[in-house]
Amino acid sequence: MQKIYCHSDMRALKFLERFTSTQVHALNPVETSSGKTHGGVSRAKLSSQLLKSFKSNSKLKSFNSSVSVTEALLLPYGLPNTDLIEPTIEPHLKPIDFVEILSDLYRRLESCESQSDRSLLFVEQYSLLRSLGDPKLLRRCLRAARQNAVDVNSKVVLSAWLRFERREDELSGMSAMDCGGQVLECPKIALEYGYDPNLISTHCQCDQDQIEASNLPSWNENEGVNLEQKESDVTFCIGNEEINCVRCKIAMLSSPLKTMLYGSFKESRKGRIDFSENGISVKGMRAVEVYSRTRRLDLFSPGVVGELLCFANRFCCEEMKSACDAYLASMMDNIDDALVLIEYGLEEMAFLLVAACLQVLLREFPNSLYDPKVMKFLCSSKTRERLAMVGHGSFLLYYFLSHVAMEESMVSTTTVMLLERLEECATQRWQKTLVLHLLGCVLLERREFKDAQYRFLAAVEAGHVYSVAGVARTKYKQGQQYSAYTLMSSIISEYKPAGWMYQERSLYNIGKEKISDLSTATELDPTLSFPYKYRAIAKVEEKQISGAITEIDKTIRFKLSPDCIELRAWFFLALADYESALRDIRVLLTLEPNYMMFHGKTRGDYLVELLNYRVKQMTEADCWMHLYDQWSSVDDIGSLAIIHQMLRNDPGKSLILFRQSLLLLRLNCQKAAMHSLRLARNNASSDHERLVYEGWILYDTGNREQALSKAEKSIHTNRSFEAFFLKAYVLADASLDPESSSHVIQLLEEALKCPSDGLRKGQALNNLGSIYVDCGKLEEAANSYLSALDIKHTRAHQGLARVYHLKNQRKAAYEEMTMLIEKAQNNASAYEKRSEYCDPEMAKKDLDMATELDPLRTYPYRYRAAVLMDEQKESEAIEELTKAIAFKPDLQMLHLRAAFHESSGDLSSALQDCQAALCMDPNHTDTLDLYNRARD
C-alpha cells in the first residue's frame with residue numbers, strides 16, 4: 001500500500017492549477033451554550049420573530065416572486081449549498097472483496113473446534129455484516145456468539161448486548177435484571193461457566209427460581225447455628241471477644257490453616273489463639289466458624305460475606321472464596337451496589353463478583369452512559385488493566401461499550417475514551433483494523449483531523465482499503481485538496497472500482513469531472529445517497545427546484561433516510577408548498593423525534609409549529625379519513641405524516657402508535673418501528689392489548705414461540721381482532737400443512753368477527769386470501785381479495801392477480817396488476833409482480849422499471865441473469881449478478897451465481913459464493929446442497 005501516498009504524478013500538473021480556490025468546510029455547529037447562531041441572533045429571539053410573523057394575516061407570495069419573504073420566515077439560513085454537504089465515512093469494516101472475506105470467515109467457522117474461538121468468530125462476523133444494515137442478520141450473529149460462549153465474561157457482555165439491541169430499557173415496568181424469558185439474555189445463566197449445546201432450546205427458569213426463593217425462610221441477623229461448648233476445642237480471640245471453634249473444621253478450610261493448627265507452629269499447641277491482628281471482626285470470625293461446620297452463607301449479611309471473602313483470600317480458603325464470590329454475585333441487582341462491590345471484587349480478585357457487577361452496569365445501557373460514576377470507572381485505562389487481571393478487560397467488553405457510545409454520540413469524549421480502551425484490548429488483525437477505523441471516524445467528526453488521519457493511515461496499513469477515504473477526507477479538511485484527489489485516483493486505478501471510491505473522489509473534483517464521478521458512483525452503487533443529494537442541490541442552485549425534488553425522490557423511493565427527507569422538505573419550503581413540507585417534516589420527526597434541521601440549527605418540531613399556521617388544520621375525523629385515503633393509495637409516507645399529526649394531539653394513544661410501527665416496518669425503518677411498538681406497549685390501556693404488543697415485539701426479534709404464547713394469553717383475556725390476527729400471523733410464518741392452514745383460516749375468520757377498522761380488516765382479508773391460495777382454494781381466495789378491495793385495501797390487487805394467474809387467466813392477472821400500478825404510483829414491487837404475467841419483452845420493461853424505482857430489489861437481477869443463462873450467455877449472466885452483489889450481497893443472488901459457476905465448471909468460484917451465502921444463513925437448504933455437490 002506504500003504507493004498510495006506518492007503523489008508526484010506529472011500528468012496531473014495542469015490539473016493542480018484547478019485547485020486554487022479557498023477550502024470550504026461544513027458549517028460549524030451551533031453554540032448551544034449561548035443559544036446563539038453564528039450570525040449572532042439568539043434562537044429565542046428569532047423564534048419569536050418568526051412566530052409573530054406567521055400569526056399575522058399577510059399572504060406569502062410564490063417563491064419566484066418573493067424569495068426574501070419566504071427566506072425570512074422559513075429559510076433563515078438560506079437554501080442548501082453544494083459546498084456544505086459531504087458523505088459520512090461509514091464507521092464499519094468495508095472490505096474490497098466482501099464475498100471473499102465472508103467465504104474465508106465461513107471456512108474458519110467450519111474448521112473451528114473451540115467453542116470460545118467460534119464465539120469470537122461470530123463477533124467478527126457481526127463486525128463485517130454491520131455494513132449491510134440488516135438487524136435480523138446482526139441479531140443472528142450475536143445470538144450465535146452468545147450460544148457458543150464459554151467464559152463468563154463473554155456471556156455477560158453478549159447477554160447485555162442482545163438486551164440492548166432489543167432496547168428493553170424502553171419498556172416501562174421492566175427491570176434491567178429481568179430476562180423476559182430470553183434464555184440467551186438471562187443474567188443468572190450468564191454467570192455460569194461452560195458451553196451448553198442445548199441452551200437455545202432451554203426454557204429460562206428465572207420466574208420459577210424467584211418463586212422458590214420467595215418461599216425460603218427469611219434471614220434473621222440474630223440467628224445462627226449455635227456450637228455447644230463441649231464441642232469446641234479451640235478459641236479465637238479478637239480483642240476481648242472469644243469465638244469457640246472446632247479445630248478440625250477450621251483446619252479443613254485450607255492448607256495454611258491446617259498447617260497453623262496441626263503443624264509445627266505454636267498455635268497448634270494452644271487452646272486460645274489471638275486473631276486480633278488478622279483483619280477480621282468478631283462478627284466475621286463467628287461467620288467463619290459457622291461456615292466451617294455448615295458451609296452455609298445465607299445466614300449472613302452481604303457485609304459479613306464480604307469479610308469472609310477477605311478472610312478466604314488471606315488464608316487461601318479456595319472453597320470458601322468461591323462460595324462467597326458466587327453468593328455476592330447472586331445478590332447484585334443495582335448500580336450503586338455494583339459500583340461499590342466491583343472495587344471490592346477487584347481487590348479480592350473475586351471473578352464472579354466482578355462479572356456480576358459489570359453485568360448490572362452493562363444491562364443498564366444506554367442509561368449508564370449518562371452516569372458520571374459509571375463512566376469514570378469504565379473509561380479509565382487503569383480500570384481496564386485491573387479488569388484484565390481478573391479476566392474481564394476483554395476486547396468484547398469494550399467493543400460493546402464503544403458501540404453503544406457511538407450510537408448515542410459520535411463526538412463525545414466518552415466515546416473517544418472507550419475506543420481508546422478498545423484499542424488497548426485489540427490483539428487480532430481484524431480487531432486492530434476495526435478500532436483504528438472507528439477512531440478515525442470519531443475523530444473526523446470531532447474535527448481533530450491530524451489524529452483522525454493518523455488512525456485512518458494505520459487502518460490502511462492493516463489492510464482496510466476503505467479507510468483511504470478517511471485519509472483523503474482528512475487531507476481535504478487540512479487544505480490538501482489535490483493530494484486527496486490523487487490519492488483517490490490511485491485507489492481507483494489499483495483496485496476494482498466501487499461506488500464509494502468515485503463518490504469520495506467527487507468531493508475533490510470540479511466541473512464536469514465531478515458530475516461524471518457522481519454518475520459513476522450511482523451506476524456502481526445506486527444505494528449511495530450523496531450523489532442524489534448533490535445533484536438535487538445543484539439543481540436548486542440553478543433555480544430548478546422541481547427538478548431537485550424529482551432527483552431526491554429517486555432515493556427516497558427505496559430508502560427513507562432522514563437527511564434526504566430533510567432536503568426534500570427544504571425544497572418544498574423554497575417552493576412555498578407548505579403542506580408537502582409539513583408532511584416531510586412530520587415523517588422526519590417520526591424517524592428521529594429530536595431532529596435538528598438546517599445544518600443542526602433549527603428543531604424540526606419548531607418548524608411544525610410555524611407551518612401549522614399556514615396549513616389547514618384537520619380534526620381527528622379528518623385525520624382518519626385522510627389516513628384511509630393515503631393507506632388505500634399505498635402512500636406510506638403520507639400515512640406516516642398523518643399518524644404523526646394524530647399522535648401530536650393524543651401522544652399516548654397505543655392504537656395509533658401500533659399503526660405507526662406497521663408503516664415503519666413496511667418502509668424498512670426497523671429501529672424506528674420497534675421504538676413505536678415499545679411506546680404502544682407502554683401506553684396500552686388494557687392487559688390484553690399490552691400482551692398483543694409484547695407478542696409483536698417478540699415476533700419481530702425472532703422469538704416466535706413466545707410471541708405465540710402472548711397471543712394466546714391475550715385471546716384468553718379478551719377475544720380481540722389484534723390477538724387473533726397476531727396468532728394467525730405467527731402460525732402462518734411457518735411451513736403450513738393442511739391442518740395448520742385450516743387453523744390459521746379459522747383464526748383470521750375469528751379476527752374478522754371482532755370490532756376493528758377497515759384498514760386492519762383489509763389486511764386480514766388479504767392474508768386470508770393468501771392462505772386460501774396456498775391451500776388451493778382459489779374461489780375462496782378470490783372472494784377474500786374482492787372483499788378487501790371493497791374496503792379499499794389496494795394491495796389485494798396483487799393477490800387477486802395471483803388467483804387469475806393460477807386459473808390460467810394471464811390477461812386478467814396483468815390487468816389487475818396494472819390497476820395496482822395506477823393506484824400506487826412508483827411502486828417497484830407492483831412492476832416486479834406484473835412482469836410474471838406478460839410476455840418476455842414486456843416483462844423486461846417492467847423489471848427494468850422496478851430496478852429504476854428500487855435498485856435494492858433482487859428479483860429483477862436474478863430474472864435477467866436467468867434469461868441470459870438460458871441464452872447461453874454465461875459470462876453476461878454472471879456479470880448481471882456480480883453488478884448487484886457489489887452493492888447488495890444477497891443470499892439468493894449469491895446462491896444463483898454459485899449455481900451458474902457450477903454450471904460453467906468454475907467450482908472454486910461456486911464454492912466461494914456458497915460459503916459467503918452460508919455465512920449469512922448457515923441453514924439455507926438449497927445452498928447447502930449446492931455446496932456439498934461442489935465439494936464432492
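H4 and H5 are roughly antiparallel to each other (an angle over 145 degrees), because their axes cross at roughly 165 degrees. This is a predicted model, in which local features need pLDDT of at least 70 and side-chain atom pairs count only at pLDDT 80 or more, while totals for chains, interfaces and linings use all residues. Residues are numbered from 1 along each chain as its sequence is written, and side-chain values use heavy atoms, with hydrogens and water left out.

**Helices H4 and H5**

- H4 covers residues 98–111 and H5 residues 115–129, and their axes come within 10 Å; helices are DSSP runs of H or I with at least four residues, numbered from the N terminus.
- Axes are lines fitted to C-alpha atoms over the stretch in contact, and angles run from 0 to 180 degrees between N-to-C directions.
- The crossing of H4 past H5 is left-handed, meaning that the near helix is turned anticlockwise from the far one by less than a right angle.
- On the H4 side, Phe98, Ile101, Leu102, Leu105, Arg108 and Leu109 make the contact (heavy atoms within 4.5 Å).
- Their partners in H5 are Arg118, Leu121, Phe122, Glu124, Gln125, Leu128 and Leu129.
- The contact of H4 with H5 has nine nonpolar, one polar and three charged residues; Ala, Val, Leu, Ile, Met, Phe, Trp, Tyr, Cys and Pro count as nonpolar, Asp, Glu, Lys and Arg as charged, and the others, Gly among them, as polar.

**Helices H35 and H36**

- The axes of H35 (residues 654–666) and H36 (residues 670–682) come within 8 Å and cross at roughly 165 degrees, so the two helices are roughly antiparallel.
- H35 makes a left-handed crossing with H36.
- H35 contributes Ser654, Leu657, Phe658, Gln660, Ser661, Leu664 and Leu665 to the contact, and H36 contributes Gln670, Ala672, Ala673, Ser676, Leu677, Leu679 and Ala680.
- Nine nonpolar and five polar residues make up the contact of H35 with H36, with no charged residues.

**Cavities**

- Two cavities of 30 Å³ or more are present; on a 1 Å grid over the protein atoms alone, a cavity is a set of points where a 1.4 Å probe fits but cannot get out, and lining residues have an atom within 4 Å of a point.
- The largest cavity holds about 50 Å³ of space, and its lining is Arg139, Arg143, Leu162, Arg166, Gln182, Glu185, Thr701 and Asn703.
- That lining has one nonpolar, three polar and four charged residues.
- The second largest cavity, of about 30 Å³, is lined by Asn278, Gly279, Ile280, Glu307, Cys310, Phe311 and Arg314.

Key: Parallel < 35°, antiparallel > 145°, perpendicular 65-115°, else oblique. 1 Å grid on protein atoms, 1.4 Å probe; cavity = no way out; pocket = protein on both sides within 12 Å on 5 of 7 lines; lining within 4 Å. Points joined across faces, edges and corners; volume = space filled by probe spheres on them.
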